[in-house]
Amino acid sequence: MPKPPIDLIRHALEEDGAQADVTTLCTVPAEQQAQASIIARQSGVIAGLAIAAATFRELDSQVSVELLVEDGTTVQAGQVVARLSGPARSLLSAERVALNFLGHLSGIATLTAQCLRALEGPRAHILDTRKTTPGLRSLEKEAVLLGGGHNHRFNLSDGVLIKDNHSKAAGGITQAITLARRLAPHLLKIEVECETLAEVQEALEAGADVLLLDNMPLETMRSAVELVRRIAPGVLIEASGNIGTNTTRLAAVAATGVDFISLGAITHSAPNFDISLEFT
């Protein structure tokens, strides 16, 4: 994972009231020491161990954390992924924030890996999108990588992606591509969203580098891929829009021959990974 974002961790601990955990302060003596294990309760891909460890240490530097696996490791239900020791109060008060990070990010990595397994054979790669939790984008996109996926743009400055409203505002797909060629940095590829075969044809004729086939029925998508391969075989093709994480649907989209499938769902709708902390 990237270097743990300390400001984010501090904000999360403050939000959770970790410094004023009234239950723990009332029931656990200040001098009590404890040992604990973090245990996966399901199989999947672990992501976020570094930020979970940093959360405990940020609340109390006396907490010791031993990571037993690396981020990106596939684990089984019941497997211990980390061991902790230190003041019992600190382990209890940082627990929820640490497990929130770990469960959320492991959920993204696990769902990404599940989607990839549906694509065994076809050439398509899984991409994430900018549909991320505000403030967590770098962590969530790293979790996608740990699950075997690839990152799309990190932010709006990373590439030219002409969507339907850009084309409308510019006066059409051709006009939008022409303006982008004239004004955008020359090293950036120009990707254009297309919803119909006519738009695919226009984007190719105007010199698009990448096509985003948005919300296309499978048969139309297949025809679009055939058109691109015939006219401009060097142009990359991305499928997006209401594809979801259903493995049958993903396999069908990949079978059309697209190069990439972008899925907002792997970040905005990933189920939380079931993981717990148990005192030993």
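This is a predicted model: local features need pLDDT of at least 70, side-chain atom pairs count only at pLDDT 80 or more; totals for chains, interfaces and linings use all residues.
View 1. Sorted by class, the residues lining the second largest pocket comprise eight nonpolar, three polar and five charged ones.

**View 2. The largest pocket has a volume of about 520 Å³.** This pocket is lined by 24 residues, among which T129, K131, K163, S240 and G264 lie nearest the centre. At least two lining residues come from each of strand 9 (210-214), strand 10 (236-240) and helix 11 (265-268). The class make-up of the lining of the largest pocket is five nonpolar, ten polar and nine charged residues.

**View 3. Helix 1 (residues 6-15) packs with helix 4 (residues 88-117) at an angle of about 130 degrees.** The axes of the two helices are 9 Å apart, and, because an angle that falls between the roughly perpendicular range of 65 to 115 degrees and the roughly antiparallel range over 145 counts as oblique, helix 1 and helix 4 are described as oblique to each other. The crossing in which helix 1 passes helix 4 is right-handed. On the helix 1 side the contact involves L8, I9, A12 and L13, which meet A94, V97 and F101 of helix 4. By class, this contact of helix 1 with helix 4 has seven nonpolar residues, with no polar and no charged residues.

How values were computed:
Residues are numbered from 1 along each chain as its sequence is written. Side-chain values use heavy atoms; hydrogens and water are left out. On a 1 Å grid over the protein atoms alone, a cavity is a set of points where a 1.4 Å probe fits but cannot get out, and a pocket is an open set with protein on both sides within 12 Å along at least five of seven lines; lining residues have an atom within 4 Å of a point. Grid points are joined across faces, edges and corners, and a volume is the space filled by probe spheres set on the points. Helices (H or I, at least four residues) and strands (E, at least two) are DSSP runs, numbered from the N terminus. Ala, Val, Leu, Ile, Met, Phe, Trp, Tyr, Cys and Pro count as nonpolar, Asp, Glu, Lys and Arg as charged, and the others, Gly among them, as polar. Axes are lines fitted to C-alpha atoms, for helices over the stretch in contact, and angles run from 0 to 180 degrees between N-to-C directions. Angles under 35 degrees count as roughly parallel, over 145 as roughly antiparallel, 65 to 115 as roughly perpendicular and the rest as oblique. A crossing is left-handed if the near helix is turned anticlockwise from the far one by less than a right angle, and right-handed if clockwise. Contact means heavy atoms within 4.5 Å.
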